[in-house]
Each structure stands twice: as structure tokens, then as C-alpha cells.
Amino acid sequence: MNENEMIQEIERLKKEKNAVILAHNYQIPEIQEIADIVGDSLKLSQEATKTDADIIVFSGVHFMAESAKILSPHKKVLLPAYDAGCPMADMVDGDKLKIFKQEYPDIPIVCYVNSSAEVKAESDICCTSSNAVKIVKSMKEDKLLFVPDQNLGSYIQKQIPEKEIILWEGFCITHHRVKSIEVNVAKKKHPDALVLVHPECNEAVVSKADFVGSTSEIIDYANRSENKTFIIGTEMGVLHKLRKENPDKKFYLLSPGLTCYNMKKTTLENIYKALVFEQYEIKVEEEIRNKALHSLTRMLELS
Ligand code: 13P
Ligand code: SF4
């Protein structure tokens, strides 16, 4: 089957099985083009609650598909690449949070949505990169634990100095490795460019940016800006939408290392197979799902 035939088959199977394809902004262009919805983590969680499809094919990584299942338990949620995980999500687990809670029962836990169902279940509320500041601001407590991303946590801390945020030592292996010297070099090469970065980048990089936001916020910012040149400090998948929606503007990737190999595990072929064989189905144990749902619902209500 060639690529066009595969796309036609995907379209046919989607109709036949009443399936919807949700894709993260980091997915490869071919997938973004066939997806029903492309967005950041917040948008995709919101869409998972709204769709009336029977099957959600989640083109992204495991925690995203798992969140969709937590929010829509009666739908079949499929992850086409069974091993597409997020190394940062694996840097914290539910047992460690249970120990923390025993020691500090009065300190609430805010978890980045890039985390497992068990971690969400042990947390008080979730957040994504687009609503993190708003969510933390809404907490009545002055001190809280933020897991697992230390970079997003310290970015929030800068925006809300009146609160004390205890940071976990997690990080995104893709964003964390970008160096601040790469910002200097890119700015020298493109002096008129604005630097737009994701808060998963480390503090030294974030402090040199003109704008910090989620993947969709970066895209919206570039779409609205009068500027013509941008240096993009997030995973290279966002370049597809940026260039498609702004043919008159120039976009340069801040660092050649900005590729998340887990996000690139999803292909047209494994989406096709996901629809044919209804694989790989995401399941979440009911007790954990209920507790994790509480953290996700609290977040969505505030978003
Ligand atoms: P957002 O799309 O919410 O900015 O998330 C970025 C990310 O790293 C997802 O894994
Ligand atoms: Fe995880 Fe980073 Fe990849 Fe996002 S970009 S899925 S945070 S490793």
C-alpha cells in the first residue's frame, strides 16, 4: 500500500468505526494533516471530553492517551505506538508521592499533565504548560510541591514569587538539553528574530526568550505577531503548523537537539494498524482512574 492508499484506508476506517484522531503539535506533518484535531496538551484533553466518537486514536505519547481514557472511560482509546512514552513522566511515581504526603500532609501536590495516572491520582490538581501559572495561583496554600518538571516549576515560581514551590528533579530530555549559548548564537545569526520557547527549557534559556508558552501558545503568538522571523525553542514538530499558517514568515529551530524521539514513533502505518486491529488499547484501573479524574477535572474547570 502506498502513502495515498494508506491515507484513504485510514479515512475509510475512521468513518466505519466512528473513530477520531487526536494529534499533538509534535507529531510528524503527515499525521497532523490527517488528524481531526491537532493541539497542545490542554486542547487535546478538552477534546477528549467533547468527542462523540467511539474510538480515540491518540497520536502522541502514553500519558496523553491515558488522560483521554481517564476523561472518557467509555471510549476505546488507542495508542498506535505502544512504546511511545515520556521519559519525564517516568521521573516521578505514585509511591514516592505517597511517602511525601505522609511526611508533609499539609502540602498540596500539583502535577504537570506529563505524568502517569498513579501520579495524577496522588496529586491535588493537574496543569499543562498553558494553564500552570493560573492553576498554581488558584491554590489557597502558600507552599506546594510541583512534579515532575523542575523547569516548568521554576518558571511558575518566577511568575508567582509570593508562593513557595518545592521542585521535583524531573526534566524533559528534549528541552532541558538546549543551552543558553545556543540562544546567543541564534540571535547573532538572526538579529531581527523573536525567541519563542517552551517552559520545559531550562531557566538560562527561558530567561533569554521574548515569549514563553505551550506549543499552541507559541504558534498563536507567531501567527499574531507582526515580526517576520522567529527562533523556535520547542520540539521541531511545531514547525509544520508555523510554516503552513505563516508562509511569509521565517522560522528557525533554536537547537538541532529539539526532536522528541517518542513523539516520532507514531507513523501513518501504525495509525492504520491501530484502526484495523484496535490496538494498543489504554486501560486504567478504576480506583486510580477515579482519583486521577478528580485532578484532571479540577484543572479543566479552572481552564
Ligand atoms: P504542550 O503541547 O502542552 O505545550 O506540551 C508540550 C510537551 O512536551 C508535551 O509532551
Ligand atoms: Fe516528554 Fe519532552 Fe517528549 Fe514532551 S517533548 S513527550 S515532555 S520527552
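In which loop does Pro 148 lie? Pro 148 belongs to the loop between strand E7 (143-147) and helix H8 (150-159).

The legends below describe a predicted model, in which local features need pLDDT of at least 70, side-chain atom pairs count only at pLDDT 80 or more, and totals for chains, interfaces and linings use all residues. Residues are numbered from 1 along each chain as its sequence is written, while chains are lettered from A and ligands numbered from 1 in the order in which they are written.

**View 1. The whole protein chain.** The protein chain has 14 helices and twelve strands; helices (H or I, at least four residues) and strands (E, at least two) are DSSP runs, numbered from the N terminus. Its C-alpha trace spans about 55 × 55 × 30 Å along the principal axes. The radius of gyration of the protein chain is 19 Å, which agrees with the value near 19 Å for a compact globule of 303 residues; the radius is taken over C-alpha atoms, and the globule rule is 2.2 Å times the number of residues to the power 0.38. Of the 303 residues, 47% are buried. A residue is buried if 20 or more other C-beta atoms lie within 10 Å of its own, exposed if 12 or fewer, and partly exposed in between, with C-beta atoms placed from the backbone.

**View 2. The contact between domain 1 and domain 2.** The protein chain is divided into domain 1 (3-85 + 263-283), domain 2 (89-173 + 288-302) and domain 3 (180-253), with bounds from an automatic or database domain assignment. Twelve residues of domain 1 are in contact with 15 residues of domain 2; contact requires C-beta atoms, placed from the backbone, within 7 Å. On the side of domain 1 that touches domain 2, helix H3 (41-50) and helix H4 (62-71) each supply at least two residues. H4 gives the largest share of that side, five residues.

**View 3. The surroundings of ligand 2.** Ligand 2 is surrounded by 14 residues, the closest being Cys 86, Met 88, Cys 172, Thr 174 and Cys 260; a residue is near a molecule if its C-beta atom, placed from the backbone, lies within 6 Å of it. The shell around ligand 2 has eight nonpolar, four polar and two charged residues. Ala, Val, Leu, Ile, Met, Phe, Trp, Tyr, Cys and Pro count as nonpolar, Asp, Glu, Lys and Arg as charged, and the others, Gly among them, as polar.

**View 4. An open sheet of four strands.** The strand order is E10-E9-E11-E12, with parallel pairing; two strands pair if DSSP finds at least two bridges between them. Strand E10 (211-212) and strand E12 (250-253) stand at the edges with a single partner strand each, so one side of each has no neighbour in the sheet. Four bridges join strand E11 (residues 229-233) to E12 in the parallel sense, and Ile 231 has Tyr 252 in E12 as its bridge partner.

**View 5. Backbone exceptions.** Most residues other than glycine have a negative phi, and most peptide bonds are trans. The peptide bond from Val 147 to Pro 148 is cis, with omega near -15°. Another cis bond runs from Gln 279 to Tyr 280, with omega near -10°. Tyr 280 sits in the loop between helix H13 (268-277) and helix H14 (286-302). Glu 278, in the loop between H13 and H14, has a positive phi of about 50° and counts as partly exposed because it has 15 C-beta neighbours inside 10 Å.

Notes
Contact = placed C-beta atoms within 7 Å.
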